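Thanks for making the time this morning.

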Amino acid sequence: MITITDATLNSSRISRADSDLVASFYQELLSLGVDRIMLTPEIHALLKGNYELSKAVIKQEMGEILISASGKLFLQDYVSVYQSLLLLPCELSFCTKNAGYAGTALTVEWIAAGGSSIVCSVMGEGGYAPLEEVLLALHGCGAPLKPLDFTRLKALGFLYEKLTGNTIPPHKPILGDRIFEVESGIHIDGILKNHRNYEPFPPELVGAKRLFSLGKFSGMNAVRQKLQELKLAYSDQETEALLCLIREKAMRDQRNVSDIELYLLLKEQREESSLEVTG
Amino acid sequence: MKKKCFLTDTTLRDGEQSPRLCLSPGQKKGLAVMLDQLGFYQIEAGIPAMGTFEKDIILEIIDVRKQSKISVWNRMDKTDIRHSFDCNPDVIHISVPVSDGMIYTMLRQSRSWVSKTMNSCVSFAREQGYEVSVGFQDASRADISFLASLTESLQRMQVSSVRIADTVGILTPTTARKLVCNLKEHTDILLGIHTHNDLGMAEAVALEAAKSGAELVDVTLFGVGERAGNCDSFVFTKAAEPLFDFFPAYQPLMESEAKMRRLIF
């Protein structure tokens, strides 16, 4: 089994945050099911009066050796480095320090090489590998994780924004608001047949929702699906003509076509061709 | 001496597929001019089968480019490829779904159908004298011996390169390394890697694939693309520079960053 330590609350800038928010964040980490929660001594003192801190740990009091890797390690034969470290007769935990693009990769690879304990943080706070990315990557590889409730990651992301004042970018892996938004007709068609075709994991796994949007890259099945969602009757001929209008409009306005705009396009088309629309 | 690595920019194809990103002909052309000036090996300019508007932009890009190869994207379908002929590009890229999931649930066909159709589509474009590259869509979940047998026929048909597409962004450095090394054992065809950032490893996986022998790497400006995006050209060039020689290098690319940002967003 893999031991996961979250170190988001080990960040010095969070120590100055509102105590209710910090407590909520701690609770959400418990709901997610991580093994240990690394705290600054200040946060430890803050929570101690109110909570049974059975999962809390202060960095200096960790029972094992903490290996901290920079991004440079990824340029080398890091697998050999890992293998020699893992031969040492002592307990090791692994984390990265400001490893940027390589943080998640180095952490996931530590487990692949046989490591069993890692330290991460939500959104990579404090320079660790982003917890949300590492967890989903390990889940995808079938690594021996204890049962974790990934749907709590959304709440952790929300609280992270409140605690730090940072905004999670819309395309941030796992936590971004728009990562399950699809426009490409090929992709929507594939997802409708089997979501696995164009999604790494179902959105529900991380408490998110899929959204089909219409635009320049739309196809027939995407339009059919949208019309069904909006409970609008249509014919194939009508759908095809509508698809042309959607693509023209998207290119003219340089953005996606909203549901209301779709309805207006359909109405316009009906008036022109006097086809029936019910809805 | 550092190893050579060739960059394909796919901002104008996979990048633009990102919802809410819709580039005007002027923006696409402007970006293509900059990418060409910077010296990208290849620019994936779009999908001709989308219609006349897309073909017109591709034709304009081909008209103004000075050094980059211009490639166009096709489904494994002769009608798509005929649309590409209208643009007379440098490279016709054909995307072949290769995982059993995609073959059985999306195409509703069999592996042997895929193999036959791929061969006939490639020959169709090769007979017209085009350089052809093939993308293995969802290669991360495909059977390696099936990929090896497809690659062997592609090499016989003198396809210029094979692109390993991690379509849903689930490769890790280890799985990417194994995939590249396995294919390299069966063929000496040029291998490309196309990654997605679903697990936050797009650049790391691309870099590990390059370390393991992939010669071509797909990138997009600012990492734009489906879902969590593609391999970010700025991040990748900065990270890979100590090990590889490529064009454009990180510094000149960064110098154009602000201008490109204004043009895209």
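How many cavities of 30 Å³ or more does the structure hold? There are six, where a cavity is a set of points on a 1 Å grid over the protein atoms alone at which a 1.4 Å probe fits but cannot get out, lining residues being those with an atom within 4 Å of a point.

Before going further, this is a predicted model, in which local features need pLDDT of at least 70 and side-chain atom pairs count only at pLDDT 80 or more, while totals for chains, interfaces and linings use all residues. Side-chain values use heavy atoms, with hydrogens and water left out, residues are numbered from 1 along each chain as its sequence is written, and chains are lettered from A and ligands numbered from 1 in the order in which they are written.

The largest cavity has about 70 Å³ of space, a volume being the space filled by probe spheres set on the points, which are joined across faces, edges and corners. Its lining includes B:Thr8, B:His93, B:Arg163 and B:Asp218, and the largest share of that lining, three residues, comes from β7(B), with strands taken as DSSP runs of E of at least two residues and helices as runs of H or I of at least four, numbered from the N terminus.

Turning to the cysteines, the structure holds zero disulfides over all chains, a disulfide being a pair of cysteine sulfur atoms within 2.5 Å. For A:Cys95, the nearest cysteine sulfur is that of A:Cys120, 8.7 Å away, and A:Cys95 counts as buried because its relative accessibility is 2%, the cut-offs being under 20% relative accessible area for buried, over 50% for exposed and partly exposed in between, with a 1.4 Å probe and protein chains only.

Finally, the rings: a search of the whole structure finds 14 aromatic pairs over all chains, counting rings of Phe, Tyr and Trp (its six-membered ring) whose centres lie within 6.5 Å, with planes under 30 degrees apart called stacked, over 60 edge-to-face and the rest tilted. One of them, A:Tyr82 with A:Phe94, is edge-to-face, at 5.4 Å centre to centre and 75° between the planes. A:Tyr82 lies in helix α3 of chain A and A:Phe94 in strand β5 of chain A, so this pair ties together parts that are 12 residues apart in sequence, and both A:Tyr82 and A:Phe94 are buried.

Methods
1 Å grid on protein atoms, 1.4 Å probe; cavity = no way out; pocket = protein on both sides within 12 Å on 5 of 7 lines; lining within 4 Å.
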